[in-house]
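Subject: A structure for you to explore

Hi there,

Here is the structure I promised to pass on to you. Please open it next to this email and look up each residue as you read.

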Amino acid sequence: MFNFIFLHNITKIIYVNFHFLPIRQAIKFPIDVYGKLRVVGNSGKLCINGNVRPGMIKLGSQGRDMFPLDPVILDIRGSLCFNGPFYIGCGSTIRVEAGAVMSIGPKSRFGAQSILFCEDKIIIGSQVAGSWRCQLMDTDRHEISNLDTGVLSPSRKPIVIGDNVWIGNNVCINKGTVIPDNIIVSSNSLCNKNYSEVSPFSIIGGIPAKVLSSSKQRIW
């Protein structure tokens, strides 16, 4: 009992469940909070689809044995939907801007100090495993002008990550990235394009990421 009280932020558990969820779901306390949590924006929608169970969404649970116990930052002004259990580590940020949509598949997780930043649309499949310090941003935050033509490049494009994708630590996934099912992304890589033509069970990596190997599968 003492360990539960020490690790879990009871006040924030009550707040996030009853603020964001309908009462029939909130009373089951599906959102669990480990340590500190900063709710920066709360005007958006958070939904849980499917079977709702206690503690199925864990905020700040990963990486507490390796990283400083920095707070998770939750900034929900758009729509965030969980389609099953989801874990994210301490010191991480989930930010969904107004009008944006983030959808996360069942049994997906990200390690400590990860950033999920959505201004347009981010779709994450089932059993996506991200290590620590992963960064998903579907926006550049600023437009870039071509000085010769005056054309502005789009600052936002959706990110789509398929099922059973393993993402190594310190991977940056930029706007417009599409990663198909059953892909491994090696550590310290930059993904910035549509990889749909990559064969399943391949490893991609590098800056920018390209195919490194094939016929490889993570053992879950």
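This is a predicted model: local features need pLDDT of at least 70, side-chain atom pairs count only at pLDDT 80 or more; totals for chains, interfaces and linings use all residues.

Residues are numbered from 1 along each chain as its sequence is written, and side-chain values use heavy atoms, with hydrogens and water left out.

**Empty spaces**

Rolling a probe the size of a water molecule over the atoms shows where empty space is left. Here, a cavity is a set of points, on a 1 Å grid over the protein atoms alone, where a 1.4 Å probe fits but cannot get out. A pocket is an open set with protein on both sides within 12 Å along at least five of seven lines, and lining residues have an atom within 4 Å of a point. Grid points are joined across faces, edges and corners, and a volume is the space filled by probe spheres set on the points.

How many cavities of 30 Å³ or more are there? The count is two. The largest cavity has a volume of about 50 Å³, and its lining includes Asn164, Phe201, Arg218 and Trp220. That lining divides into four nonpolar, three polar and two charged residues. For these classes, Ala, Val, Leu, Ile, Met, Phe, Trp, Tyr, Cys and Pro count as nonpolar, Asp, Glu, Lys and Arg as charged, and the others, Gly among them, as polar.

The second largest cavity has a volume of about 30 Å³. Ile31, Leu46, Ile57, Leu59, Leu74, Leu80 and Phe82 line this cavity, giving seven nonpolar, no polar and no charged residues. Strands β4 (57-62) and β6 (79-82) each supply at least two residues of that lining. Helices (H or I, at least four residues) and strands (E, at least two) are DSSP runs, numbered from the N terminus.

The largest pocket holds about 160 Å³ of space. It is lined by 13 residues, and the closest to its centre are Gln62, Gly111, Gly130, Ser131 and Trp132. By class, the pocket lining has six nonpolar, five polar and two charged residues.

One of these residues, glutamine 62, lies in strand β4. At 26% relative accessibility, glutamine 62 counts as partly exposed (buried means under 20% relative accessible area, exposed over 50%, and partly exposed in between, with a 1.4 Å probe and protein chains only).

**A nonpolar surface patch**

Ile10, Ile14, Phe18, Ile23, Ile27 and Phe29 make a nonpolar surface patch of about 540 Å². Patches are made of residues with over 30% relative accessible area and no salt bridge, where like charges are joined within 9 Å and nonpolar side chains (Val, Leu, Ile, Met, Phe, Trp, Tyr) within 5 Å. The areas come from the Shrake-Rupley method with a 1.4 Å probe, and for residues only the protein chains shown count as cover. Helix α2 (residues 10-20) gives the largest share of the patch, three residues. Isoleucine 23 lies in helix α3 (residues 23-26) and is exposed, with a relative accessible area of 55%.

**Salt bridges**

A salt bridge is a side-chain nitrogen of Lys or Arg within 4 Å of a carboxyl oxygen of Asp or Glu. The whole structure has six salt bridges, and Asp75, Arg77, Arg95, Glu97, Glu119 and Arg141 are linked in a network.

- Arginine 77 meets aspartate 75 at 2.7 Å, N to O; arginine 77 is partly exposed at 33%.
- Aspartate 75 also meets arginine 95, at 3.6 Å, N to O. Aspartate 75 lies in strand β5 (residues 72-76) and arginine 95 in strand β8 (residues 93-96), so this pair ties together parts that are 20 residues apart in sequence.
- Arginine 95 meets glutamate 97 at 2.6 Å, N to O; glutamate 97 is buried, with a relative accessible area of 15%.

**Two pairs to look up**

Phenylalanine 86, in strand β7 (residues 86-89), is buried at 0% relative accessibility. Phenylalanine 86 and proline 106 are 20 residues apart in sequence and 6.5 Å apart in space, C-alpha to C-alpha. Glutamine 62 and tryptophan 166 are 104 residues apart in sequence and 16 Å apart in space, C-alpha to C-alpha.

Happy exploring!
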